[in-house]
Amino acid sequence: GYHGAVSYEYQHAMTWHPWNDFANGRFPKMTYPTTAGVVGTIAWEGFRETIDDVRYLTRLLGLLEQATGEVALRPQAAAIRSWLDQLDVTTDFDANRSGMIEKILALQQALLGAGRKPVE
């Protein structure tokens, strides 16, 4: 019943040199500690973007399920589902994200136009 993600490498420092990746070997870190928070890395930003992408996909799938229940919206829902099935998740992440956002907005508008409030 859990929902979420956990990354072991958030801050792993086996030495007293958390800013020196080469002190006593390389330990994985997604952030570096400071007295007032953390400094992120490219890995940390990638992790954050992945969480955003999963949230967009979850929203899109929920709207697709709702739209499929509306006879008038089934063709649009089928076209979007086909787009999702053909999505290449190994290439342009920004384009995929923009495509999901575009489809989310279109489905929300279509549901509102059909007199249905999109489920949050």
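Guide: We'll cover the fold, a pocket, a loop residue and a ring pair.

Visitor: What are the ground rules?

Guide: This is a predicted model: local features need pLDDT of at least 70, side-chain atom pairs count only at pLDDT 80 or more, and totals for chains, interfaces and linings use all residues. Residues are numbered from 1 along each chain as its sequence is written, and side-chain values use heavy atoms, with hydrogens and water left out.

Visitor: How many helices and strands does the chain have?

Guide: Three helices and two strands. Both kinds are DSSP runs numbered from the N terminus: helices are H or I with at least four residues, strands are E with at least two. The order from the N terminus is β-β-α-α-α.

Visitor: What share of the residues is buried?

Guide: 27% of the 120 residues. Buried means under 20% relative accessible area, exposed over 50%, partly exposed in between, with a 1.4 Å probe and protein chains only.

Visitor: Switching topic. How much space lies in the largest pocket?

Guide: About 170 Å³. A pocket here is an open set of points on a 1 Å grid over the protein atoms alone, where a 1.4 Å probe fits, with protein on both sides within 12 Å along at least five of seven lines; lining residues have an atom within 4 Å of a point. The volume is the space filled by probe spheres set on the points, which are joined across faces, edges and corners.

Visitor: Which element gives the largest share of the lining?

Guide: α3, with four residues. Both α1 (42–68) and α3 (93–113) supply at least two. Among the lining residues are Asp53, Leu57, Phe93 and Arg97.

Visitor: Now Thr41. Where is its place?

Guide: Thr41 sits in the loop between β2 (37–40) and α1. Thr41 is buried, at 17% relative accessible area.

Visitor: What is Thr41 in contact with, leaving aside neighbours within four places in sequence?

Guide: Lys29, Met30, Thr31 and Tyr32. Contact means heavy atoms within 4.5 Å. Met30 is eleven residues from Thr41 along the chain, and their C-alpha atoms are 5.7 Å apart.

Visitor: Last one. How many aromatic pairs does a search of the whole structure find?

Guide: One. Trp44 and Phe47 are stacked, 6.3 Å centre to centre with 25 degrees between the planes. Rings of Phe, Tyr and Trp (its six-membered ring) pair if their centres lie within 6.5 Å; planes under 30 degrees apart are stacked, over 60 edge-to-face, the rest tilted.

Visitor: Why are Trp44 and Phe47 separated by about one helical turn?

Guide: Because they are three residues apart in helix α1. Trp44 is partly exposed at 27% relative accessible area, and Phe47 is partly exposed at 24%.
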